[in-house]
Amino acid sequence: MKTIASGDHIILQSGRMKARILTPWSNDYTLTRFAHTGFVSGLWMGDVCFTQAERAQAHQISTGGVGLCSEYKCPAIEMDSAVGEEYLKVGVGVLRRTEKPWRIVDERRVQGLPASLSACEDAAVFECLSPMVNGYAYREKRTLQLKEGVLRQEIEMENTGEKALDISEYCHNFVSLGGIPTDETHRLELFGAQLQPTAEGSILQRTDCGAAWTGAVSRSFSSECDVTGPAQPLAWRLTSSRTSASIAEAIDFTPSSVYLWGTEYCVCAEVYKSLLIQPGQTVRWSREWHVSI
């Protein structure tokens with residue numbers, strides 16, 4: 001592998017597959033919601049693009065998401081600091097606590113995280129060793145491997161601090177099937193989870209297999225899901241009768257929760273993993289995105 005020390009992104013390729021990966025220092029994403037390592041801003045098979053960029057919704061600004069972007073939720077770490085003190089937001093950097101809790105639209109980092117990147121034609125490895133902030137610190141290694149029909153991401157998290165890391169991780173999947181607008185031809189299969197009942201007249205409907213839509217989507221939709229059991233290997237799969245293209249996510253863990261969000265241009269099935277990592281402990285997990293055309 002070759003060490004990468006500059007540039008906003010790299011390209012991985014394998015056969016008909018291509019992935020655009022942001023570097024940890026990329027100017028393409030500088031906000032504080034999503035992790036700055038392993039950020040997949042584009043995924044293609046042949047001419048079909050399976051990723052979308054988040055767009056500003058009515059009365060709401062964009063949080064800068066695009067493609068397959070991971071977020072660590074760590075409110076316990078934030079609340080363990082006093083107002084005005086610095087705290088560690090895993091995946092992002094050192095932030096300063098304010099009177100109001102951190103929000104997904106917050107922008108400012110006091111300090112980014114030191115990270116390295118090495119890559120070859122079809123794989124990339126990110127490594128990050130955070131500073132110690134109020135007793136919290138970690139080492140993260142993310143490995144991305146691209147092969148025909150599959151993008152695999154392996155995550156290794158070691159607690160190098162003095163306090164337990166009580167966090168959760170999920171990937172916000174801004175995906176579509178070659179840009180086809182979300183409509184009644186789409187189906188989202190859920191494995192190990194069930195959509196909660198939707199309100200009467202909602203565009204989003206619960207089915208025996210997951211979720212469907214009653215017509216063309218014109219505004220954002222969302223729903224909590226009930227975890228019903230292990231989701232291995234697949235957690236969800238998105239298809240449409242308008243195309244032979246499909247995308248699915250495979251995981252090697254039982255989700256702690258599942259949430260569905262989307263709008264007219266994308267469907268985002270978010271599969272959460274809860275983590276309670278004691279000092280000195282290392283935890284590993286993986287996600288795979290399977291695509292076909």
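The model is predicted, with local features requiring pLDDT of at least 70 and side-chain atom pairs pLDDT 80 or more, while totals for chains, interfaces and linings use all residues. Residues are numbered from 1 along each chain as its sequence is written, and side-chain values use heavy atoms, with hydrogens and water left out.

**The sheet**

Strands here are DSSP runs (E, at least two residues), numbered from the N terminus. Two strands pair if DSSP finds at least two bridges between them. Select the open sheet of eleven strands, whose order is β1-β10-β11-β12-β13-β24-β21-β20-β15-β18-β17, with antiparallel pairing. Its edge strands, β1 (2–4) and β17 (204–206), each pair on one side only. On average, neighbouring strands of this sheet are turned by 15° against each other, direction ignored; the axes are lines fitted to C-alpha atoms, and angles run from 0 to 180 degrees between N-to-C directions.

**Strand β12 and its neighbours**

Next, select β12 (residues 138–147) and β13 (residues 150–159), which pair in the antiparallel sense over ten bridges. The two strands form a hairpin with two residues between them, and Gly 149 in the turn has a positive phi of about 85°. Across this pair, Leu 144 stands opposite Gln 153 in β13, and Arg 139 stands opposite Glu 158 in β13.

The covered face holds Tyr 138, Glu 140, Arg 142, Leu 144 and Leu 146. The uncovered face holds Arg 139, Lys 141, Thr 143, Gln 145 and Lys 147.

**Two single residues**

Is Ser 286 buried or exposed? Select it in strand β24 (residues 282–292). Ser 286 counts as buried because its relative accessibility is 6%; buried means under 20% relative accessible area, exposed over 50% and partly exposed in between, with a 1.4 Å probe and protein chains only. A polar contact of 3.5 Å joins the side chains of Ser 286 and Arg 152. Such a contact is a pair of N or O atoms within 3.5 Å; within protein, one must be able to donate a hydrogen and the other to accept it, and residues adjacent in sequence count only if both atoms are side-chain atoms.

Move to Arg 242, in the loop between β20 (234–240) and β21 (243–251). Arg 242 counts as partly exposed because its relative accessibility is 48%.

**The largest pocket**

Finally, return to the largest pocket. A pocket is an open set of points on a 1 Å grid over the protein atoms alone, where a 1.4 Å probe fits, with protein on both sides within 12 Å along at least five of seven lines; lining residues have an atom within 4 Å of a point. The volume of the largest pocket is about 280 Å³, the space filled by probe spheres set on the points. Of its 16 lining residues, Arg 33, Gln 60, Ile 104, His 172 and Trp 261 lie nearest its centre.

Definitions and conventions:
Helix = DSSP H or I, 4+ residues; strand = E, 2+ residues; numbered from the N terminus.
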